[in-house]
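Please look at the fold of each chain before turning to the contact between them.

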Amino acid sequence: MISLFFRDLKLSVRAGGGAMIGVLFFMTVVAVVPFGVGPDLNLLSRIGPAMLWIGALLASLLGLDRLFQAEREDGSLDLLLMQETPVILTIFVKCAAHWAATGLPLVIASPLLGLFMNMNELAIGATMLTLLAGTPAITFIGAVGAAVAVALPRGGLLVSILVLPLAIPVLIFGVSAVYAAIEDPAPFLPPFMILMAITLFFAVIGPVAAAAALRHSAD
Amino acid sequence: MRLLAEGLSARRGEDLIFNDISFALGAGEALVVTGPNGSGKSTLLRVLAGLLRAESGRFRIEGGPAEIAHPYELSHYLGHRNAMKRELTVRENLSFWQRFMGDSPGGSGIDVNEAAEAVGLAGITHLPFGYLSAGQQRRMAMAKLLVAYRPIWLLDEPTAALDAGADRLFAGLVTAHLEHGGIVIAATHQPLGLGSTQSLQMKGFTH
């Protein structure tokens, strides 16, 4: 299982792996916001956390369709499904590797982009923490979409559309936790706990559903 | 250990592509599945590998290790595609499968270098898999059968894209596997050059 994790990590940083694509997309989205909104620093710092979260959400949806499709195209998926190890565990490890290669760089890049948005240290810290807690959920939800669309030749957009409604709660609670941290009266912990609960919930449900979808998509 | 297939049938769309396939294979025996294109050879192998659901019938193992629930957990499946990553080197590919699959009870896989040598391609394991020619890629996919031990080999057109020398080499690998008590089920157009084997002739759609 550890070997699968490192193989996927290695694949995503090699040519055509697409680990950097997500970060670049994230940077592009967030970097153009100040140009569109104009140089109003107060406004930027107010919408900053939301913009970072939206950018991160879209960026993490970007590479999801390849999660199982690449395996299917070269026949590896058959062998992954045939092993004695439960398929659910295999999918969980693949999701973890995918998150480490595409989600974690987004979390790491977020403080830099927070500076673009004129956010203070507290807002940057809160955004980074909520992204760290919330982006794994997007990967686990996306695994279900990727498994459903695995046999479709151009399933990329379909995966995003399938996944987006389920990812909305992650966005809502992620952003509201950040605002709770920077605006005084609202407490930070309740939305943050719900965000973590969503992540844990989908860490269980996602691999189970994806395994079922993969088993039935075999042609 | 015996493999038993009883009344297997599978559906492709509306119709049954094959119906009531039964066979029994003991240790050291091979089954060669022949038939024209589209007669269901690959479908049969995918059913045996647990990748497709059989419409009816059972495929089971008798006298195997106790903890094994399905025959596919004891099987290697070599399909049309090689299940190797173009971006990784041959060594990375092979050692990944070696560690990920592990050995079935009753045997152990051989070292990656020895496996590459066994398929006649020692010395190029440092190259990315995508750099290899189609025939070399196929040979390396065969080396995958050797690095992790599985008593049952399910081979779908194993010698496609291979030259005559590789054909013989592959027949040697299969014979060695059978001599060690393995079981081989192969779908093929060409004779594999094996000794005593059972054969199964697929006919195609039954309406």
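The report below goes through the chains, the helix packing, the sheets and the interface.

## Basis

This is a predicted model: local features need pLDDT of at least 70, side-chain atom pairs count only at pLDDT 80 or more, and totals for chains, interfaces and linings use all residues. Residues are numbered from 1 along each chain as its sequence is written, while chains are lettered from A and ligands numbered from 1 in the order in which they are written.

## Chain A: overall

Chain A has 9 helices and 0 strands. Helices (H or I, at least four residues) and strands (E, at least two) are DSSP runs, numbered from the N terminus. Along the sequence the pattern is α-α-α-α-α-α-α-α-α.

The C-alpha trace of chain A spans about 55 × 35 × 30 Å along its principal axes.

## Chain A: helix packing

Two packed helices are described by the angle between their axes and the distance between the axes. Axes are lines fitted to C-alpha atoms, for helices over the stretch in contact, and angles run from 0 to 180 degrees between N-to-C directions. Helix 6 (residues 87-116) of chain A packs on helix 7 (residues 121-148) of chain A at about 155°, with the axes 9 Å apart. That makes helix 6 of chain A roughly antiparallel to helix 7 of chain A. Angles under 35 degrees count as roughly parallel, over 145 as roughly antiparallel, 65 to 115 as roughly perpendicular and the rest as oblique. The crossing of helix 6 and helix 7 of chain A is right-handed. A crossing is left-handed if the near helix is turned anticlockwise from the far one by less than a right angle, and right-handed if clockwise. Helix 6 of chain A contributes residues including Trp99(A), Leu106(A) and Val107(A), and helix 7 of chain A residues including Met128(A), Leu131(A) and Phe140(A). Residues are in contact if their C-beta atoms, placed from the backbone, lie within 7 Å. This helix 6 to helix 7 contact in chain A divides into 14 nonpolar, 7 polar and no charged residues. Ala, Val, Leu, Ile, Met, Phe, Trp, Tyr, Cys and Pro count as nonpolar, Asp, Glu, Lys and Arg as charged, and the others, Gly among them, as polar.

Helix 8 (residues 156-182) and helix 9 (residues 189-217) of chain A cross at roughly 150°, and their axes come within 8 Å. That makes helix 8 of chain A roughly antiparallel to helix 9 of chain A. This crossing of helix 8 and helix 9 of chain A is left-handed. Among the residues that meet are Val170(A) and Phe173(A) from helix 8 of chain A, and Phe192(A) and Leu195(A) from helix 9 of chain A. By class, the contact of helix 8 with helix 9 of chain A has 10 nonpolar, 2 polar and no charged residues.

## Chain B: overall

Chain B has 5 helices and 8 strands. From the N terminus, the elements run β-β-β-α-β-β-α-α-α-β-α-β-β. The radius of gyration of chain B is 17 Å, close to the 17 Å from the globule rule for 207 residues, so chain B is as compact as a globular protein of that length. Its C-alpha atoms fill a box of roughly 50 × 35 × 30 Å along the principal axes.

## Chain B: two open sheets

One open sheet has 5 strands in the order 5-6-7-3-8 (chain B), with parallel pairing. Strands pair if DSSP finds at least two bridges between them. Strand 5 (75-78) and strand 8 (198-201) of chain B stand at the edges, each with a single partner strand, so one side of each is left without a neighbour in the sheet. Strand 6 (residues 152-156) and strand 7 (residues 183-187) of chain B pair over 5 bridges, with Leu154(B) partnered by Ile185(B). Strand 3 (residues 30-34) of chain B joins strand 7 of chain B through 4 bridges, and Ala30(B) stands opposite Val184(B). Strand 3 of chain B also pairs with strand 8 of chain B over 4 bridges; here Thr34(B) has Gln201(B) as bridge partner.

The other open sheet has 3 strands in the order 2-1-4 (chain B), with antiparallel pairing. Strand 1 (residues 2-12) of chain B is joined to strand 2 of chain B by 8 bridges, and Leu8(B) is partnered by Ile21(B). Helix 1 (residues 41-48) of chain B lies across strand 1, strand 2 and strand 4 of chain B, at about 125° to strand 1 of chain B.

## Interface

The contact takes 18 residues from chain A and 20 residues from chain B. Helix 1 (2-13) and helix 5 (76-82) of chain A each supply at least two residues of the side of chain A that touches chain B. By class, that side of chain A has 7 nonpolar, 5 polar and 6 charged residues.

Key. Two residues are in contact if their C-beta atoms, placed from the backbone, lie within 7 Å. The radius of gyration is taken over C-alpha atoms; the globule rule is 2.2 Å times the number of residues to the power 0.38.
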